[in-house]
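I shall speak briefly about one structure, which I ask you to keep in view.

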Amino acid sequence: MTADRTVGVSPEVQRRLYELMTLMKAADDRLSKGIASGELQCVYWPPRGQEAIAAAMGVCLRRDDQLVTNYRGLHDLIGKGVPLVEIYGEMLGRQTGSSRGKGGTMHIANPECGVMLSTGIVGAGPPVAVGLAMAAQRKGLDRVTVASFGDGATNTGSFHEAANMAALWDLPLVLLCQNNQYAEMTPTEHTMKISQVAHRAGGYGLPGVRVDGNDPLAVVAALTEAVDRGRSGGGPTLLECVTFRFRGHYFGDPMAYIPPERLAAALEADPIPRFRSRLRLAGICSEADLDEIEAAAVTAVEEALTAVLTAPGALVDELDRDVYADPRNCPA
Amino acid sequence: MTMREALNLALDQALAHDERVFLLGEDIADPGASGPTKGLSTKYGTERVLDTPISESAIVGAAIGAAMEGFRPVAEIMIMDFIGIAADQIINNAAKLRFMTGGRTSAPITVRTQVYGGIGTGATHSQSLEAWFMHVPGLKVIVPSTPRDGKGLLTSAIFDDDPCIFVETIRLGPQRGMVPVDPGFSIPLGEADVKRPGSDVTLISYGRGVVEALGAATQLEADGVSAEVLDLRTLVPLDVAAMVESVGRTTRAVVVHDAVQFAGPGAEIAAILQRELFGRLSAPVERVGARFVPNPAPPALESQVYPSAQRIVAAVRRTLGLESAKTGAHG
């Protein structure tokens, strides 16, 4: 089955997927190393392990397609094309940040790349994505909006309200659940009776699809179908991509709640080495090609970090700016 | 026309003159509509006057997303007590988008909501919760007291670049007044209005409290006390200059509102007045707000909760140092 999908995705796109995945991993590795050593000070919710899903977004979505993601969004942001300098800059409170440093890790947006919102509140994104999709529908655009969230978000009222509304109005929306098997520190099987998040879709009258979220080609296939459906007026899709987060909820999380054998099994299924060997076996990339892609990712990350660390910090003047359109509206 | 008709006219004209405007909420389309949206779906279609599921969070979230893309959505939360369900979208998304994204996105939505209260609906269908939203940087809070203000302020809210919480009051719905029908008519946000001039005491209020304050002012006049009634109209932005000017003249202030008195909007107003006018005040700033209880359903109890002309008059007398109404105006 996976072999068939490999045939369906061009070698160029497969190579691009690997480039994106390695860039996401390199960005996470460097940040993690820096925070752990004390070199970098910021809060961070690592997506390490979930790269295949975001890379698939990177090759399936157009620049004008929109994304609402969340605090665990480093990989999604890279997939959607937000420059690393903006992402790191925002995380580290520099003027190069997407919000000139005052939004922070959880609140990165870049409308030019289609990233409209990153939410710090679990479940807060899907309702806004409904509105973005409504706007596209009203304007007659063939743009699609993706709401990216975890398994935990599907237990919130906001998710249910948004899913129902999106289905009711046939909105061009993909409800993309990155099921990393833990809602903060609680395993999914302790938070829902159903075995698959995708089963929720039936309750709203929309298609629900579950794929291996560690297989970028499987995600590309499912996401392409969902995006095409939305673009052609066929309405929303709930797409569940099953994956795992290797570094816990927040960076530094001791992960005492994850049984060692479960973590070991998850690490065995790391999407990056798995896709690497597939590319080599399929003859799409040589060992040298792959080394080169990985080295390029590390270089890109180092260059971005250097640019960010030499950039000035957020200005105190920023405090009163952007509270209202007109700063005079702020009470004294 | 009535307040309800004035609000309807503001929505009607906004829909007529700007394609970016659309309305969404529960039971706002005909034939189910009974409030200020009545007739509008018939006139503009259900694409622009959109009935939604009972999903307050998604109603406001959808408005936010559409507003980010250039629309001017007007979301209705039927009764203000339900706004808690949508509070996350209002507080964490609408209010903060502009700041969190360094001005790259914003959510110029209007959330219309109605305060019941005084009509026997009990504790969960009666609250005046405007203080909650005053406390969140990024939101504007508007509470009109007259049909004219209702139309002018709602028009401003819809076309304002910031998210606005527009609080209507069911007991003011049938109230009549002169209203400019000109579609270009609007009232800037942040400008208080003297509803009745006076010289001995300033009654500072907004929304339904203004009606009670005007009633109290009439009673006080009979006792020779000249009360000025200052209608704030918007709580954020707050017209501090108008408050300070008026109370600077009268040297006495009584703040009146249907919101719970304790930690209500009056607390902020009193704090500002003492800071700006310390030494010039003839008496401590008095507050007359709702009692600190969940609203009871029986009319005999509920009437004890809200400000009344009688309670306002008593507060004014305290500021005047009078022991009773008969001891004269300037104690």
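At what angle do the axes of helix α3 and helix α8 of chain A cross, and within what distance do they come? In this predicted model, the axes of α3 (residues 51–60) and α8 (residues 216–231) of chain A cross at roughly 45° and come within 9 Å. Because angles from 65 to 115 degrees count as roughly perpendicular and those under 35 as roughly parallel, α3(A) is therefore oblique to α8(A). The crossing of these two helices, α3(A) and α8(A), is right-handed.

Which residues make this contact? On the side of α3(A), they are A52(A), I53(A), A55(A), A56(A), M57(A), V59(A) and C60(A). Helix α8(A) contributes P216(A), V219(A), V220(A), L223(A), T224(A) and V227(A). Sorted by class, the contact of α3(A) with α8(A) comprises 12 nonpolar residues and one polar residue, with no charged residues.

I turn now to chain B. Here seven strands form an open sheet with mixed pairing, in the order β2-β1-β3-β4-β6-β5-β10. At its edges are β2 (49–51) and β10 (234–236) of chain B, each of which pairs on one side only. From one strand to the next, the twist averages 20°.

Strands β3 (residues 72–77) and β4 (residues 110–115) of chain B run parallel and are joined by four bridges. Opposite A75(B) stands V111(B), in β4(B).

Finally, what lies across β1, β3 and β4 of chain B? The element is helix α3 (residues 56–68) of chain B, which runs at about 170° to β3(B).

Technical notes:
Residues are numbered from 1 along each chain as its sequence is written. Chains are lettered from A and ligands numbered from 1 in the order in which they are written. This is a predicted model: local features need pLDDT of at least 70, side-chain atom pairs count only at pLDDT 80 or more; totals for chains, interfaces and linings use all residues. Axes are lines fitted to C-alpha atoms, for helices over the stretch in contact, and angles run from 0 to 180 degrees between N-to-C directions. Angles under 35 degrees count as roughly parallel, over 145 as roughly antiparallel, 65 to 115 as roughly perpendicular and the rest as oblique. A crossing is left-handed if the near helix is turned anticlockwise from the far one by less than a right angle, and right-handed if clockwise. Two residues are in contact if their C-beta atoms, placed from the backbone, lie within 7 Å. Ala, Val, Leu, Ile, Met, Phe, Trp, Tyr, Cys and Pro count as nonpolar, Asp, Glu, Lys and Arg as charged, and the others, Gly among them, as polar. Two strands pair if DSSP finds at least two bridges between them.
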